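Open your viewer and get the selection tool ready.

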Amino acid sequence: MDHFAYRSGELYCEDVPVARIVESVGTPAYIYSSATLLHHYDAVATAFAALRPIICYSIKSCPNLHICRLLKDRGAGFDVVSGGELLRALRASGDPAKIVFAGVGKTDDEINLALDSKIGWFNIESEAELANLIEIAGRRGVVARAALRVNPDVDPKTHRYTSTGKKESKFGVDLERARRVFQEYGRHGSVRLCGIHLHIGSPVNTVEPYVSAIRKTLTLIDELRSDGFAIDTLDIGGGFGAHYKSSEAPPAVAYAEAIVPLLTDRVGGANPLSIIMEPGRSIAANAGILVARTLYLKKSGERDFLIVDAGMNDLIRPALYEAYHFVWPVRPATGFVPAERGESTTTMPGCLPMDVVGPVCESGDFLAKDRMLPPMQRGDLVAVFTAGAYGMAMASHYNSRPNPPEVLVEGGAFRVIRRREGYEEMMAGESVT
Ligand code: PLP
């Protein structure tokens, strides 16, 4: 579900024509719908309400401060993976007690910053990291709270680059090792190791991997408790899907129907578990589009190319994961207004096969490959859908291309929440002497 729709032949974000925003901010540009962001946050919060979870929005998916603030005001905590993300969470007025800090390579500076900020949990990824945290917190005379990230060895059936819950993943420790980690490090005064963290991959478009992972983890929690460890927190991570090609992602209620019954008995009683969730993509992906302008049409051999002014530096997901994003004109030619958006629309009669490519000097610089599109002309705007998560978040300066602006729509109004970067700004940190 999102608030992007074709009305009277052109694409709107909420009540604002996308073309009107572009007249003001130019292209390429990211445009987000505030109502969609909040809808998806609320969907998770409502579906999982029985567990009273702390919902830590995963900043890495869409880190814009304004968006973080919007979600914080709705009740979100934050999942962070770097000092920079931690500072964003704090700048967005995030409650430090609702911040979880994951990542396999936390530096001493980042650990010190997190201790200074009194964050809620360190999500520990290895024995070496835990030993280091114990050392740093001990030296400072403070007590850190930590959860051990485990690999339940389930297959989330997603792209190999975003599958994180298998035994051989670089994240977390496997279940057998987890017990030994607790035996060795679980009774240190400076780190209270009292939680278990999971994040099995992203996007996980079926519920079974969660069920299997959570079942295995609850067994571990019972074993640890019988070994005398006071486990009071289970963080089930993120990974819920979004709609890229069609309605392929289960709604939040479908995940909840499978997950909530596994945990209902655990959140009450004498020994309650606090539940943490870390959704990112399922909140932000469908809430954002990338808009680009057609620069040229070109034929190479038998192939037709639509060359637009957004490239892999703006949206790297197609190049990195061969990810599918639905691409369609903002003001399609008469007769080409899609009845519904998604893969099925590209079989509309009269469409022509095209590769939608950017200006970056790489053959991997494409936004869509072999896609049926309506007839297009130089100057036409195209929208790349489901670009709200891991879009701007992964933008780079490759080919010395400044970052695009980000715009947030709220009903009939829009505001620039990140200005377009200029060339001077892009080079500001460099020197020629
Ligand atoms: N938590 C952790 C530890 C992650 O690594 C990620 C994504 O990589 C997330 C949460 C967010 O995942 P998603 O955006 O799929 O919800």
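Select the ligand and the 14 residues around it (a heavy atom within 4 Å); S202, G239, E278, R281 and Y390 come nearest. Keep in mind that this is a predicted model, where local features need pLDDT of at least 70, side-chain atom pairs count only at pLDDT 80 or more, and totals for chains, interfaces and linings use all residues. Residues are numbered from 1 along each chain as its sequence is written, and side-chain values use heavy atoms, with hydrogens and water left out.

Now show the side chain of E278: one of its polar atoms sits 2.6 Å from a ligand nitrogen atom. Next, pick D79, where a side-chain N or O atom is 3.2 Å from a nitrogen atom of the ligand. For K60, look for a polar side-chain atom 3.5 Å from a ligand oxygen atom.

Go back to S202 and follow the chain onward: the peptide bond from S202 to P203 is cis, with omega near -10°. P203 belongs to the loop between β11 (191-197) and α8; helices here are DSSP runs of H or I with at least four residues, strands runs of E with at least two, numbered from the N terminus.

Then select α7 (residues 175-185) and α8 (residues 208-226), whose axes, lines fitted to C-alpha atoms over the stretch in contact, come within 11 Å and cross at roughly 25° (angles run from 0 to 180 degrees between N-to-C directions). The two helices are therefore roughly parallel to each other (an angle under 35 degrees). Show L175, A178, R179 and F182 in α7, which meet K216, L220, E223 and L224 in α8 (heavy atoms within 4.5 Å).

Notes. Angles under 35 degrees count as roughly parallel, over 145 as roughly antiparallel, 65 to 115 as roughly perpendicular and the rest as oblique. A polar contact is a pair of N or O atoms within 3.5 Å; within protein, one must be able to donate a hydrogen and the other to accept it, and residues adjacent in sequence count only if both atoms are side-chain atoms.
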